[in-house]
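Here is a short report for a reader meeting this structure for the first time. Look over the sequence and the model, then read on.

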Amino acid sequence: MSPLAHRRFLKMNGLGNEIVVLDLRGTDLRVQPAEARAIAADPASRFDQMMVLHDPVTPGTDAHVRIYNTDGSEAGACGNGTRCVAWAMLDDPVMARPTLGQNLVLETRPGLLEVVRVSPVDFTVDMGAPRLGWDEIPLAEPFPDTRRIELQIGPIDDPVLHSPGAVSMGNPHAVFFVERDPDTYDLARIGPLLECHPIFPDRANISLAQVLDRGHIRLRVWERGAGLTRACGTAACASLVAAARLRLTDREATVTLPGGDLRIAWGEDDHVRMTGPTELEHEGTFAPALFGAA
């Protein structure tokens with residue numbers, strides 16, 4: 001039997017980005033890829049990302065967080081999920097710790113994330129500085145300027161999409177700027193092709209961004225390892241950075257995704273901060289039969 005059987009979880013969302021929060025603090029358990037896939041396959045625990053809490057590793061942090069995609073792979077960052085973790089650690093009657101204040105420092109694979117509560121359900125996450133060098137994103141070959149890289153889909157003389165900005169916000173992003181509504185593109189077909197393009201050795205999140213004005217971007221995202229999603233916090237951050245680098249927007253803007261709005265600010269300290277809501281849907285426990293195949 002999987003050691004995850006009967007473990008309690010929270011099903012949450014950040015702007016419709018489906019999140020499962022699992023607390024493994026106080027144990028030495030680790031989620032295996034097959035277990036993550038089994039959890040994602042169950043309608044009661046379906047997720048875009050699963051945020052797994054472990055005991056702090058670095059002094060001064062409140063938890064170490066591992067992030068899993070639906071295909072069992074590990075993600076480097078998830079802004080919407082980070083807000084959900086903050087709510088769970090502060091307000092859930094089982095996960096909350098009385099010693100915690102209203103601000104948290106969470107450790108993830110790329111680094112530390114500071115989270116500040118701004119309302120009962122809204123949080124601001126400091127996502128850190130964007131990584132813009134071709135080898136930091138990473139890309140498979142050198143590009144001296146990652147504001148636009150040589151990549152297109154469609155006929156060479158009339159491409160459907162071309163010249164995305166490349167950014168890492170803890171995970172790789174390619175942001176294509178489009179003139180019309182992103183919903184008019186077949187991202188369910190295009191996304192998988194571009195996610196696994198050889199130019200992205202670690203695969204990539206694929207975004208279609210329409211700049212409405214200097215303070216507003218409409219965004220649709222194919223998320224690496226998860227597929228089409230109603231919201232992706234790191235993609236919203238990457239789209240603002242990519243747009244500001246091209247002087248298409250200011251360094252602060254509202255990013256509208258299918259699930260709703262995020263406020264993104266790229267500060268003078270080079271850090272990108274994301275503000276948005278959280279929602280608790282239900283809690284549950286993992287049935288032992290769920291892990292039969294795993």
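Strand 11 and strand 12 (residues 172–177) run antiparallel and are joined by 4 bridges. Two strands count as paired if DSSP finds at least two bridges between them. Helices (H or I, at least four residues) and strands (E, at least two) are DSSP runs, numbered from the N terminus. The two strands form a hairpin with 3 residues between them. Gly170 sits in that turn and has a positive phi of about 95 degrees. Ala166 has Ala174 in strand 12 as its bridge partner.

This is a predicted model, in which local features need pLDDT of at least 70, side-chain atom pairs count only at pLDDT 80 or more, and totals for chains, interfaces and linings use all residues. Residues are numbered from 1 along each chain as its sequence is written, and side-chain values use heavy atoms, with hydrogens and water left out.

Which residues of strand 11 point one way, and which the other way? Gly165 and Val167 point one way from strand 11 (residues 165–168), while Ala166 and Ser168 point the other way. In a regular strand the side chains alternate between the two faces of the sheet. All four residues named here are buried. Buried means under 20% relative accessible area, exposed means over 50%, and partly exposed lies in between (1.4 Å probe, protein chains only).

## The whole chain

The protein chain has 4 helices and 19 strands. Its C-alpha trace spans about 55 × 40 × 30 Å along the principal axes. With 294 residues, a compact globule would have a radius of gyration near 19 Å, and the chain agrees at 19 Å. That radius is taken over C-alpha atoms, and the globule rule is 2.2 Å times the number of residues to the power 0.38.

Of the 294 residues, 55% count as buried. The chain exposes about 12,100 Å², and carbon and sulfur atoms supply 51% of it. Accessible areas come from the Shrake-Rupley method with a 1.4 Å probe; for residues, only the protein chains shown count as cover. Among contacts with a separation of 6 or more, 62% come from residues 24 or more positions apart. Contact means heavy atoms within 4.5 Å.

In soluble globular proteins, nonpolar side chains tend to be buried together. A nonpolar core is a set of buried Ala, Val, Leu, Ile, Met, Phe, Trp, Tyr and Cys residues joined through side-chain atoms within 4.5 Å. The largest core has 56 residues. Val21, Val85, Met89, Leu106, Leu219, Leu257 and Ile264 touch the most other members. Helix 4 (residues 233–245) supplies the largest share of this core, 9 residues. A second, separate core has 21 residues, including Leu151, Val178, Ile199 and Leu208.

What does Leu219 touch? Leaving aside residues up to four places away in sequence, its contacts include Ser207, Leu208, Ala235, Ser239, Val255 and Leu257.

Helix 1 (residues 33–41) has Glu35, Ala36, Ala38, Ile39 and Ala40 as its buried residues. They pack against strand 3 (49–54) and strand 4 (63–69).

Leu113 lies in strand 7 (residues 112–117). Leu113 counts as buried because its relative accessible area is 6%. Not counting residues up to four places away in sequence, Leu113 touches Thr82, Leu104, Val105, Leu106, Thr108, Val125, Asp126 and Met127. Leu113 and Leu208 are 95 residues apart in sequence and 26 Å apart in space, C-alpha to C-alpha.

## A buried aspartate

Is Asp23 buried or exposed? Asp23 is buried, with a relative accessible area of 13%. Asp23 belongs to strand 2 (residues 17–23). A polar contact of 2.8 Å joins its side chain to that of Arg25. A polar contact is a pair of N or O atoms within 3.5 Å; within protein, one must be able to donate a hydrogen and the other to accept it, and residues adjacent in sequence count only if both atoms are side-chain atoms. Beyond residues up to four places away in sequence, Asp23 touches Arg7, Leu53, Met95 and Arg97.

## Backbone details

His6 is not a glycine, yet has a positive phi of about 70 degrees. His6 lies in the segment before strand 1 (8–14) and is exposed at 54% relative accessibility. Arg203 also is not a glycine and has a positive phi, of about 65 degrees. Arg203 is in the loop between helix 3 (187–195) and strand 13 (205–213). Arg203 is partly exposed, at 25% relative accessible area.

A cis peptide bond joins Ile137 and Pro138, with omega about -10 degrees. Pro138 is in the loop between strand 8 (122–126) and strand 9 (152–153).
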